[in-house]
Amino acid sequence: HALLARHLEGPVAAEPWVQHVEHDPSIPRWYVRFGCEGRDAATIYFDLHQRSLHYEVYFLPEPPEATQLDCYRFLLGCNHALYGARFSIGPDGDLYLSGRVALEHLDEVELDRVIGVLYEATERWFQPLVRMAYRHSR
């Protein structure tokens, strides 16, 4: 808890691409909202569990039926380029980027690596996925 509070609310919050860092102690969850060239804003949800830290970015609503298979195929291919995170379909059909790390392996370097992977994946794949998902909607 102390590591997350110190690092997310300190050096991470001070980064120019980070828009906001917030902590909800009742869950406990940290929210790191960031912007990048391909997306105005995205939020990383960090949930602290007894033995691991879970992280997740809501990536995109459920794609239209006409493009779902193409989107799913695309994201499954993207998973091979990720380290410690993966794209998945949530129970609501929406698309997420998520992962977890054991607390015994968590330090500032690992936390920065996780944030970097999520940022880079959002920057790299959000716009292509949006174009693919909604190409028939124009």
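These are my notebook entries on one predicted model.

**Entry: the overall layout**

I started with the secondary structure. I counted three helices and six strands in the chain. I then read along the sequence and wrote down the pattern α-β-β-β-β-α-β-β-α.

Next I looked up the dimensions. Along the principal axes, the C-alpha atoms fill a box of roughly 45 × 30 × 30 Å. How does the radius of gyration of the chain compare with that of a compact globule? A compact globule of 138 residues would have a value near 14 Å, and the chain has 15 Å, so the two agree.

I also checked how contacts span the sequence. I took the contacts between residues at least 6 apart in sequence, and 56% of them join residues at least 24 apart.

**Entry: surface and charge**

As for the inside, buried residues make up 46% of the 138 residues.

Then I turned to the charged side chains. I found 13 positive and 20 negative ones. The centres of these two sets lie 6 Å apart.

**Entry: the nonpolar core**

Which residues touch the most other members of the largest nonpolar core? I noted L8, I44, F46, F59 and L97, out of 42 residues in this core. The largest share, eleven residues, comes from α3.

I left aside its neighbours within four places in sequence. I44 is then in contact with W30, Y31, V32, F34, Y55, E56, V57, I115 and L118.

Helix α1 came next. Its buried residues include L3, L4, A5, H7, L8 and V12. What covers the buried residues of α1? The cover includes strands β1, β2, β3 and β4, and also helix α3.

I looked up P28 first. It sits in the loop between β1 and β2. A cis peptide bond joins I27 and P28, with omega at about -20 degrees. I made a note here that most peptide bonds are trans.

P64 is in the loop between β4 and α2. Is P64 buried, partly exposed or exposed? Its relative accessibility is 27%, so P64 counts as partly exposed. Leaving aside neighbours within four places in sequence, P64 is in contact with A133 and Y134. I also looked at P64 and R135, which are 71 residues apart along the chain. Their C-alpha atoms are separated by 9.8 Å.

P91 lies in the loop between β5 (86-89) and β6. At 94% relative accessibility, P91 counts as exposed. I checked its distance to L118, which is 27 residues away in sequence. From C-alpha to C-alpha, P91 and L118 are 21 Å apart.

**Entry: a leucine on α2**

My last stop was L69, which lies in helix α2. Is L69 buried or exposed? L69 has a relative accessible area of 64%, so it is exposed. L69 and A133 are 64 residues apart in sequence. In space, their C-alpha atoms are 9.5 Å apart.

Terms used. Residues are numbered from 1 along each chain as its sequence is written. This is a predicted model: local features need pLDDT of at least 70, side-chain atom pairs count only at pLDDT 80 or more; totals for chains, interfaces and linings use all residues. Side-chain values use heavy atoms; hydrogens and water are left out. A nonpolar core is a set of buried Ala, Val, Leu, Ile, Met, Phe, Trp, Tyr and Cys residues joined through side-chain atoms within 4.5 Å. Buried means under 20% relative accessible area, exposed over 50%, partly exposed in between (1.4 Å probe, protein chains only). Helices (H or I, at least four residues) and strands (E, at least two) are DSSP runs, numbered from the N terminus. Contact means heavy atoms within 4.5 Å. The radius of gyration is taken over C-alpha atoms; the globule rule is 2.2 Å times the number of residues to the power 0.38. Lys and Arg count as positive and Asp and Glu as negative; His and the chain ends are not counted. The place of a charge is taken as NZ of Lys, CZ of Arg, CG of Asp or CD of Glu.
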